[in-house]
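The text takes a helix, then a pair of helices, then a residue in a loop.

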Amino acid sequence: ATHSNIINHHHQQQQQLLLYISNMVNMELFVAGTWASLLSGLDILKCRSIVDPQCALGVVNVDAFVRHRSGHGMDPNKKSLVVARLVTNTPFVQMHPLDWNVNALIMNGILGWKFFVGTHSIFYQNSVDSFTVSRRDLSDLQSTDYPFLLSNANVAPEVSWHPFWESIYFDTETSLAMTAYVAIDDGVFSTPSIPTAQAQMDHIYRLNQENGCQGFAASNAESLIQQYLEVYVDNNGENESSTNSSNATTTCWIPFSNIASSFSDDMIEFINVMVEYKHPPAVIVGVGTVEGEEWAQPRKIGNTWVAIYPMNDRTYYEHKLEISDDGSNTIVDMGLYTQNLWELPLFYRDALWAQRLNKTIALANEALVSNRIVGYSQAVGDPRSNDDRNFRYCKGGECEVGNLFTDSLRWKTKSDVAFLTSGGFTGVGWPTGPVGIPNIWGVLSFGNTLCTAKMSGVSLFRLFNYTTSWSTFESAETEEGGRLLQVSGARVTYNTQLTGSRLVRLEVWDEESASYKDVERLRIYDVVSDSWVCGAYVDYPQLVGSSLTIQGEQPAVIGDTIIQDAVAEFLSQFSVSDPYDPSVSGRLVNDTSTTTTLNLIQTAESCAVGDFWIEEQQTCESCPDTSGVQWFRDVVEFSGVSGSSDVVAGNLTLVNGAAFALTLSAKTYPSWLTLVSLTRTLNETVPLDGDSDTTLQTGERMTLSFEMSSLNLNPGTAVGTVSFGVTDGGDYPGCDGRDASFEVSLTVSPLQEDNYLGSIRWLGWGMSIAIALASAISAILIMSYRKLHIIRTHQPSFLIGLAVGVGILGTSLIPISLDDEVVSQDGMDVACMATPWLVSLGFTVAFSTLFSKLWRINKLFSAQQFRRKQVLAKDVLLPFAILSCLNVGFLLAWTIADPLRWVRKEIDGQEWNTFGQCESDGPVGRTLLGLVVGLNFAALIGACWQAYNARNLSEEFSESKSIAIALYSWFQLLVVSLPVMYLVDEDSVEAKYCLVVGIIS
């Protein structure tokens, strides 16, 4: 009996198992996606009762489609799941007391939907978070029973959304593991879509492995069969009591991925990468617009079903997934069903539909309590088209709704400039006439608050240069297009044909002149925007916050006033007869004819010469004019002797010619100079220790006394700068002339170098003595042996005259060998003039004697042969007399009119290095010197001529050949030596002296 009972029990379990397996085959999953509004689109007044056809545009109709198409939940082979986007931009939501939280009340509380999807901006919207950009309280929207699904996000634990956010939603009813990706980068919460998706697919795959599934989609039927074999067959049924094994609830997950992007390239890249991944999703649904009809209907790529289509709030979208009947949970087919929500079949409008719609209308009535006409305006164009969801009016340039909102903000805060991003403006506009709360919230659904700041012209330029550089200026759904700023109080001119920087002009409205004027770099402007710009959106928080460092600027402060309230208050000023005019008025201007861009950014490196950098103003400023603050001289020169302990004193005066009082402090000066004291105009002398400051009023003078020492300086010229720092209440780094300076030049000479002859003078004196002795001995011998025939034939009188002349010439070496080392200045003046006298007279006596002697011989032997002719010595003394008289005359005139004097001359301008020489004061002396030299040179030529004529006479009567050789030698010596004397520097005292001694000797 017991065995029979066991068999019967096994049979019953087998029947139950087969029934469950039969329920699993041919399973259909209905996945609906919706962007529908909560009730009636953007107009809250169009659905007042369930008979109003306008009620078709709401989530209740979506629910009716899902229920009826999935069998009302009565068919176990049909399961459904709704992927609904959070509704934020309708008047219903914005006007309801629950605000965005009303989504949870309707979608989850009334309709029973399990989760919602949205963008990363939702993370910024709860007021309890420190980084919030909104005043709204979303605590009633945050629920673990109705989580926010966003897969490519990273939410820190301290963020209020962390417990209520899911990156993967595991739906146990459908076995779908849902993921949702939004391909944007908000810079805070977003993560890259593709690597995030790959990691999540790996996670789902591991779960399926742990659950004993084959691949990512092992069948529930197969798991139950395995469970049956383990529980009811093994060990002859001994384990029958283990029916509550955990494996009975094991789920094999089907990964279903959604990807939304405004950029088709991003979406296509995501699909191409993920279908080739080792663990691909079973389904990828892309929400967006792509080219090509092949994406319009689902198709299978590899192991993944793919579909891409644009969504709108008026259409029902449904994916029907057919599961294989072989127990593998494989999706064998996928269909796309779309239907206009207006076309809800009549039989879908059942009692449950009516009940749920009435509840929703009741909530709408609560929102209508806030509805009122706030003012009047002219027509406002649709920021977003209902017919073309890709159309975004304000992203293309200036738009009416942008003008309305920015004008309202500027009016509310009395600011100079207001700006808002274009990406937030959606919905539909309105015709000329009354404007109500629904209209205002309908075009901007985000309840952001006002924020104010103080910005300089530089920072305004940086802001608008950023927005014009990044924006696409296309009236289309582009991410970068949302960065375009709508503006009030300014005119922004740009050139879209340029790359990089496009801003060509920036003007701010001037109330006094009622016109736009170019922005002023350092003027501080009051600006206003919203909390989205100031607290969250891409780079704008930095541009209106931490980057505001210029003096007078104040980073943005987020306030409490909701911008829609400010718009309502602004419009209340306008009546039906005087409506507000939001028309496009040239605030954003595209000027393609101007190619020169505006640049107000300056850096310390860009400052020109004569400018200095002001960090707190981020500005290059012209250096203060201190040209009137100067010393009386730029350079002062002094001289000293190297190694000398003598102190050289000096002073110099500075005058304050600037238009302001200033303070001077000793800054730099050379080590060999000592600052002694400062004497101001009022004769107040202040000792200086190197650190003293002196204040001078305009027009006051200051005399600086200083001392210099050459004790430790080497010979040469030491140049140093004495610099006094000039301050007038500020610091001006890099300004030329900010220091009042002058140069001090101290010429340091070695010990006096007079270039005396020294001991070398004995050479001249020795040669003079030798010549004198030779001349005297020669004269004595001639006199002693004058009666000898040979002496008589050589004319003793002339020989004695020659000896006397040479002796006189030799004595000229005595004054030549003198200088002021051994003789006084007066003595040297005498010696200077004695030298030409001795040289000239000696030369005259010697060479006129030779001339006369040779002339007498030539006369004797020129007489006719065999005739007696007598030529006496006196007959040939005429040349001697003439030469002597002329020389004496010239020398006497020279001595009287312009005598030679002993002078010392500097070598290369060095006072310490001199040499002495004889010079005449004027041109008379040089003229007479030339006459004397010319006269004696003529005597030399005459003597040479007479020697030449006597060349054939007998040596017995004439030593003409010897004389000729001597004369020619003298001539050659003079010809050679005179140029050499010219070439030898006059300051080469010893060389020149030796040359002169050699010539005379």
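Helix α11 is largely enclosed by the rest of the structure, because eleven of its 14 residues are buried. The model is a predicted one. The buried residues of α11 are Gly457, Val458, Ser459, Leu460, Phe461, Leu463, Phe464, Asn465, Tyr466, Thr467 and Thr468. The length of this helix, which covers residues 457-470, can also be checked: at 1.5 Å a residue, its 14 residues should span 20 Å, and the C-alpha atoms at its ends are 20 Å apart, so the two values agree.

Next comes a pair of helices. Two packed helices are described by the angle between their axes and by the distance between those axes. For α20 (residues 878-897) and α21 (residues 923-949), the angle is about 165° and the axes are 9 Å apart. Angles over 145 degrees count as roughly antiparallel, so α20 is roughly antiparallel to α21. The crossing of α20 past α21 is left-handed. On the α20 side, the contact is made by Leu883, Leu886, Asn887, Phe890, Leu891, Ala893, Trp894 and Ala897. Helix α21 contributes Val924, Gly925, Leu928, Leu929, Leu931, Val932, Leu935, Asn936 and Ala939. Sorted by class, this contact has 14 nonpolar residues, three polar ones and no charged ones.

The last stop is Ser710, in the loop between β34 (701-709) and β35 (716-727). Is Ser710 buried or exposed? Its relative accessibility is 4%, and buried means under 20%, so Ser710 counts as buried. Leaving aside residues up to four places away in sequence, Ser710 touches Gly640, Val641, Ser642, Gly643, Ser644, Leu746 and Val748.

Technical notes
Residues are numbered from 1 along each chain as its sequence is written. This is a predicted model: local features need pLDDT of at least 70, side-chain atom pairs count only at pLDDT 80 or more; totals for chains, interfaces and linings use all residues. Side-chain values use heavy atoms; hydrogens and water are left out. Helices (H or I, at least four residues) and strands (E, at least two) are DSSP runs, numbered from the N terminus. The expected span of a helix is 1.5 Å times one less than its number of residues. Buried means under 20% relative accessible area, exposed over 50%, partly exposed in between (1.4 Å probe, protein chains only). Axes are lines fitted to C-alpha atoms, for helices over the stretch in contact, and angles run from 0 to 180 degrees between N-to-C directions. Angles under 35 degrees count as roughly parallel, over 145 as roughly antiparallel, 65 to 115 as roughly perpendicular and the rest as oblique. A crossing is left-handed if the near helix is turned anticlockwise from the far one by less than a right angle, and right-handed if clockwise. Contact means heavy atoms within 4.5 Å. Ala, Val, Leu, Ile, Met, Phe, Trp, Tyr, Cys and Pro count as nonpolar, Asp, Glu, Lys and Arg as charged, and the others, Gly among them, as polar.
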